[in-house]
Each structure stands twice: as structure tokens, then as C-alpha cells.
Amino acid sequence: MASSLNRPVFSPSSSTDADDEGVRGTCEDASICKRFAVSIGYWHDPYIQHFVRLCKERKAPEINRGYFARVQGVSQLLKAFLRKTECNCQIINLGAGMDTTFWTLKDEDLLPKKYFEVDFPMIVSRKLHNIRYKPLLSKPIIELHSEDSLQMDGSTLDSKRYAIIGADLRDIPELEEKLKKCNMNAQLPTLLVTECVLVYMTPEQSANLIKWAANLFETAMFINYEQVNMNDRFGQIMIENLRRRQCDLAGVETCKSLESQKERLLVNGWETALAVDMMELYSRLPRAEVSRIESLEFLDEMELLEQLMQHYCLCWATKGGTELGLKDITC
């Protein structure tokens, strides 16, 4: 059984194991940051603690606010899609990591027909281990599963409403085969989510993935969260810092601007595309909620928060679904 969070899923064919190790490390980083932000009250998530330890080192307030904006933005778009489709849909989280969306949606009675997650087999194995031995995680999956037994091995779990798959996002035939084996239905309205995933793939590899999704699903939405405005000095420092940790942003050229982010989706088969940087999104969040989280920690440097948030964006695209109003979804 399993859940979702951050980077992509790769094979040694176009990069070394060492390259992939650096990318896998970003899953741990993102999980720890989310766990810390939850622990001091930025948002409610009773499940993240079962996937990742609480870091003793405090995270900077601007990091916590950045994750808050990210979680709120993705959640708003995801729930808008569920409402438009009345949950008669499926969600595929690509590069899901330790994300807990499946469990939180179940608690809110907002589960789609089926929720899929894909990630590195190594990360999937770790997630499955946590689920297997923690009843708070396994019980909801079992409750929803009407058949006699769950299909589960070292890198795959398939149940009636939830599947987690160890696969390589750069190997499209393998990815599609594994999803279909877990009863993915290409006729259902489908939401695909990538968070800090495409940027670790080459532009050609990410274009192939985006095009595959646009071609396969007649009615669909794609949500992508990642870096933007990476050509300036602040962006270059971000790239250098990651490179020092053996983590190369192979797809950074697509992260030049909001326009380049939208263009990648439009030229690869999506009909509409919108994008906002995270500072803009932060300014649109409900004021009462923003006031609440801003009271949790004192922020000395508002300028640093603005710089950081202006270098991440949320981009979303739709295809078909005119009768459902998919193209009207915004955040």
C-alpha cells in the first residue's frame, strides 16, 4: 500500500546511478521540510509523521511559507478538478515520493475512482514498508479494497482505489504498461501531477512524458510545480547549490519563464495552459489563513521570501472536458 510527494523516476539508460541518487535525495529533503512545517502548525497532516522523521534542525520561516504556498496551490487545483468531475476520475501522481494526498482525500470523502502514484522503485519500496507496518496507513487502503487480497510486491501495490508503482518516467512504454496492469482507465477524466519532477529530466524526456499524457487521455489536466525565472543570479545560485549536492537540473532551460513553462505544455498537445509564480499565488490565498500562518514565526527578511517564491511556479494545463468546465479551473 502507499502515498506521494516529489522528484522523478529514472533509469540508468541516460544517466548514472550517482545522478539518480542525487535526485532521490531531494525526496528526503522535501519530506523533511513538509514534516517540519506540519509540526509547527502550517497545515494539518496526521500522516506525514509516519513516513519521515522530525528533523531537529529548524527550517527557515521562508522555507516553511514556501511549502505552505505549494501545498495550498496544488491542493486547490486538485480539489477543483475533483469537484468538476464529481470524483468520477483518476489521479496519477508522477514522482510522488512520501506524499500523503491519498489519505487526506479519503478523510475528506474526496477520493477519485482510483489514485495512482509512481516513483523510483527504491522510494516505493520504502513507502510500502511504512504502509505495511503502520495500521493508520494500511487500514484505509484495506477498507476500500473489496477483493480477497491486495496485490503487493517489493515495488508495487495495487488495490481497488489506490496503486503505487515503481517505474521510470523516462521509459514511457514501461510506465504505461505498469499503470494499465493496475487498471488505469484512459477513458476516465485524468489529473496528472508532477512536483519538482520534470526539471530533473532532459527537455526531450519531459516533452515525451507530457505528450504521452496529452495523447493518451481525451479529458485531462496536468499540474506542474517547479522552478522558474532561473536565468537570473538568484536562479544561478540555486543551480550551483544543487550541483554541489550531485543534483543536476537537466531540464532547467525550460524553467526560463512562465511563458516557457506554458509553451512546453501547449506544444506537446495540451489545449490550455496557465502559470503563476508562487509569490503571486501566495498573494491570492485567503487572507485569514495567511495571517494565521504568518503569526507562527517571525520573518526577518520579506525580500528573501519574495525572491524564493518568484523562482518557483505552478503551471496547469487542460485537454478536453469542455462540458465539465476544466478550462475554467484556476487558483
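Visitor: How far is the sulfur of Cys 196 from the closest cysteine sulfur?
Guide: A disulfide is a covalent bond between the sulfur atoms of two cysteines. Here it is called when a pair of cysteine sulfur atoms lies within 2.5 Å. The closest cysteine sulfur to that of Cys 196 belongs to Cys 255, at 9.2 Å, which is too far for a bond. Searching the whole structure gives zero disulfides. Cys 55 is likewise in none, with the sulfur of Cys 33, its nearest, 8.2 Å away.

Guide: A word on the source: this is a predicted model, where local features need pLDDT of at least 70 and side-chain atom pairs count only at pLDDT 80 or more, while totals for chains, interfaces and linings use all residues. Residues are numbered from 1 along each chain as its sequence is written, and side-chain values use heavy atoms, leaving out hydrogens and water.

Visitor: Is Cys 196 buried or exposed?
Guide: Buried means under 20% relative accessible area, exposed over 50%, and partly exposed in between (1.4 Å probe, protein chains only). Cys 196 has 6% relative accessibility, so it is buried. Cys 55 is buried too, at 14%.

Visitor: And Lys 127, buried or exposed?
Guide: Lys 127 is buried, because its relative accessibility is 0%. Lys 127 sits in helix H4, residues 121–133 (helices are DSSP runs of H or I, at least four residues, numbered from the N terminus). Its C-alpha is 9.1 Å from that of Ile 164, although 37 residues separate them in sequence.

Visitor: Where is Asp 300 found?
Guide: Asp 300 is in the loop between helix H11 (287–294) and helix H12 (302–309). With 62% relative accessibility, Asp 300 counts as exposed.

Conventions:
Helices (H or I, at least four residues) and strands (E, at least two) are DSSP runs, numbered from the N terminus.
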